[in-house]
Structures are given as C-alpha cells and as structure tokens.
Amino acid sequence: MKVAILGYGTVGSGVFDVLQENKEIIAKRVGAPIEVKYVLDLREFPGDPVEEVLTHDFQEIINDPEVAILVEVMGGLHPAYEFSKQALLSGRSVCTSNKELVAKHGAELIRIAQEQKCNYLFEASVGGGIPVIRQLIRSITADEVEKVCGILNGTTNYMMTKMREQGAAFDEVLKRAQEKGYAERNPAADIEGHDACRKIAILTSLAYGRQVDYEDIYTEGITEISDVDVAYANKLGMGIKLLGESYRKDGTVYAMVAPKMLYADNPLYPVNGVFNAILIRGNKLDDVMCYGRGAGKLPTASAVVSDVIDAAKHPNVNIPILWEEEKLELGSREAMVNAFFARVPAEEKPKAEAALPIARTVELAEHPEEFAFVTEPMTEGEFARKTAELTVIHMVRVEVK
C-alpha cells in the first residue's frame with residue numbers, strides 16, 4: 001500500500017522514520033507492506049534518504065492512482081485544508097496531526113470521508129502519542145460523556161511544574177523552556193492557551209457529537225500566573241495547572257481553558273513536566289484517564305502511523321465518527337461554577353469578608369500587605385459581581401471538590 005507524506009518537518013520526518021524503521025511489524029499488523037511513495041515539501045534535503053521520494057508538486061501525488069493514504073503534517077489551514085479535501089474527494093484516506101485544521105474543518109472532512117467510503121483520522125491532533133481520540137470514538141461509546149478535562153499542553157505544564165518546584169518566576173521558566181526546545185521563539189500559542197483551546201474544542205466536538213468552534217471557548221493562558229500565586233498554592237497544598245475542560249449540565253455544554261488550582265488527590269495533580277493527561281467521565285463508566293507524552297517528534301509520529309495502519313486495514317470502509325457539522329452552542333461562562341482563589345490588599349479584608357463566602361484563608365509571611373482566600377463554589381458571574389468593589393490583585397480558579 002502506497003502512502004504520501006505532506007510536509008517533512010518535525011512530525012513528517014518522524015512519520016517517515018517510523019514507517020521505515022518499523023516496517024516489518026507494521027506489515028504484519030496491516031497484512032501487507034506500507035511504502036512511502038512520495039514526500040511533499042518545498043525544500044531540498046541533500047543527503048537525506050527522503051531525497052529518493054521527494055516531490056514539490058502535490059498534483060503528482062493526487063494524480064497517482066497507486067497512492068491510497070495521505071499523511072497531512074504540514075500544519076496551518078492552507079493549503080492543508082485544500083489538499084486534504086481533494087484527497088478525500090478522490091476516495092483516499094487522510095491521517096493528520098494538524099489540530100488547527102481538525103478543530104476548524106474536522107466535521108466537514110469527516111462527512112466527506114463518510115460519503116467517499118474512506119477515512120479522515122486525527123489521533124495525533126490531541127495529546128501527541130496519547131490514544132485519547134480512540135477512547136472517545138471507539139471505547140467510551142456506551143456512555144453519555146459528562147466531562148472532559150485535561151492538561152493539554154506540555155510547554156505550559158513544564159513551566160508550571162518548574163515554578164512550583166523551584167519557586168522560579170514566569171519569565172525565567174519560559175526562557176528555560178525555550179532553551180530546551182519545549183517552547184517556540186514566539187510562545188504565544190502555548191502560554192496564552194490557544195493550543196489547549198483547539199484541543200479541547202476537538203475533544204468536546206467528539207464527546208457531544210456536534211461542532212464546537214474554538215473561538216467560542218473562553219480562553220485564559222498562564223501569562224498572569226506569578227511566583228507569588230504559586231507560593232500561595234503550595235501553602236494550600238495545591239498545584240496550578242492550565243486545564244482545558246468541558247462538561248454537560250442540565251442539557252447545556254460548557255467549556256473553558258484557564259489555569260486552575262487542583263487538590264493533591266486530583267489525578268491530574270501529579271502530572272508534571274511536559275507530560276499531558278486527559279480525564280474523561282462517563283455517566284456509567286465514571287473516570288478514565290489517558291496519560292503520556294503530549295508532544296514530540298516520535299510520540300506524535302507514532303500516533304499518526306497508528307492512524308495510517310487503521311486506514312490501511314479498512315480500505316473502502318469508513319470508520320464511523322460522530323461529529324456533525326451543526327454547531328453546538330455553548331453555555332455562558334457567567335453560569336459556570338468554580339471556587340476562586342483571590343488576593344486583595346490587606347486593608348480590604350473587611351470588605352472581602354462581607355462580600356464573599358470565604359471557605360479558607362492563607363497567609364505568606366513575605367506578603368503581609370495582602371489578604372488571600374479561597375471562596376466557596378459560585379458562578380463566574382456571581383464572583384465578578386461580588387468583587388466589583390474590591391481591588392483584586394489576582395484571581396485563580398480552584399477546583400470544586
């Protein structure tokens with residue numbers, strides 16, 4: 001079976017390596033060998049084995065009837081969308097790690113694949129090598145999904161881990177993440193929460209079967225989290241994680257990306273460094289958690305190749321995925337319930353105690369000028385109204401026990 005890889009960057013070269021190095025076990029699992037016939041890229045790679053199959057022309061690929069599966073690892077929306085759509089319309093399966101494309105056009109491309117009796121598969125678009133998509137579309141199928149919640153970005157999780165363990169400042173751990181290659185030179189997609197937002201949009205669309213637009217999800221990154229916030233969390237016996245979460249309550253689906261303080265008994269609390277974890281709650285199954293490396297060349301490539309194997313084992317047979325193009329309207333953020341950790345000037349303590357239901361207070365000897373506390377659970381709207389007359393230095397959401 002012949003495969004074409006669109007893009008020879010980090011993930012594309014990883015897919016090429018996995019297909020070459022593991023070709024014997026892959027052939028056994030498929031029942032036939034898989035051969036890379038083309039790799040599409042605008043660049044040249046002198047001395048690289050890919051030279052033998054390198055092409056700069058997509059039309060050469062799409063006009064070759066031998067090519068049965070395309071691997072789209074170009075990233076971005078264009079021309080990845082056009083190439084993927086053209087391939088599916090021609091009856092070829094497409095496997096991708098492109099979270100931006102899947103979040104934006106996944107429902108449409110899944111429909112085309114169903115109509116053409118081929119497959120659009122995207123395991124690697126969320127959680128790198130973690131098989132969370134398969135859990136949602138094949139394993140957790142007897143349950144109503146009540147909640148999806150996860151640490152979906154390794155860069156921010158590494159940064160929050162180092163801030164907690166070493167008391168380091170935000171800028172310091174960001175620089176370290178960039179030096180280690182965990183963060184890009186422009187880290188906005190990670191630290192501002194956009195990457196996690198696209199991933200929770202995909203998971204929510206799959207969990208509830210309808211299109212969730214990532215633009216509709218309230219998103220807050222970690223750029224405002226300071227070493228002072230982390231010190232307070234440590235004193236409370238908690239850890240701050242950037243979470244993407246969605247849940248259904250009384251028939252309405254809510255979604256958010258934001259930093260949250262977690263108690264030590266939360267299964268996501270010990271997930272540290274660049275690792276990701278996604279917790280799925282079914283109404284009969286209860287909680288299931290998927291854990292592993294959420295990014296990286298080979299873990300992501302491994303997930304892409306697992307989709308290639310799936311597609312190869314199902315020629316001319318569509319693997320059903322419930323994700324309709326009809327848009328799912330999300331509930332208002334103001335109605336979402338959280339507890340809240342907040343810091344106000346010490347002189348505003350009486351006002352804070354009068355305005356808010358305070359569950360516990362916390363003190364840091366280094367900051368006697370502040371009054372810090374955790375509220376009882378309340379809606380986002382209630383918290384905003386009740387703190388309108390306070391000078392909130394900073395707020396971090398807290399999980400509701």
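1. The side chains of E370 and R343 meet in a salt bridge at 2.9 Å, N to O, a salt bridge being a side-chain nitrogen of Lys or Arg within 4 Å of a carboxyl oxygen of Asp or Glu. Because E370 lies in strand β17 (residues 370-375) and R343 in strand β15, the pair ties together parts that are 27 residues apart in sequence; strands (E, at least two residues) and helices (H or I, at least four) are DSSP runs, numbered from the N terminus. Both E370 and R343 are buried, where buried means under 20% relative accessible area, exposed over 50%, and partly exposed in between (1.4 Å probe, protein chains only).

2. The model is a predicted one, in which local features need pLDDT of at least 70 and side-chain atom pairs count only at pLDDT 80 or more, while totals for chains, interfaces and linings use all residues. Residues are numbered from 1 along each chain as its sequence is written, and side-chain values use heavy atoms, with hydrogens and water left out.

3. The structure holds 31 salt bridges, and one of them joins the side chains of D17 and K297 (3.7 Å, N to O). D17 lies in helix α1 and K297 in helix α12, so this pair ties together parts that are 280 residues apart in sequence. D17 is partly exposed at 23% relative accessibility, and K297 is partly exposed at 33%.

4. The side chains of E66 and K37 also meet in a salt bridge (2.6 Å, N to O). E66 lies in the loop between α3 (58-62) and β4 (67-72), whereas K37 lies in strand β2 (residues 35-40), so the pair ties together parts that are 29 residues apart in sequence. At 42% relative accessibility E66 counts as partly exposed, as does K37 with 24%.

5. In helix α4 (residues 80-89), the buried residues are A80, Y81, F83, S84, A87 and L88. They cover an arc of only 170 degrees around the axis, which puts them on the same side of α4; the arc is that of the directions from the helix axis to the C-beta atoms. After α4 comes G91, whose phi is positive, near 90 degrees.

6. Helix α6 (residues 132-139) has V132, I133, R134, L136 and I137 as its buried residues. What covers these residues includes β7 (145-151), α10 (194-208), β12 (275-282), β13 (286-293) and α12 (297-313), with contact meaning heavy atoms within 4.5 Å.
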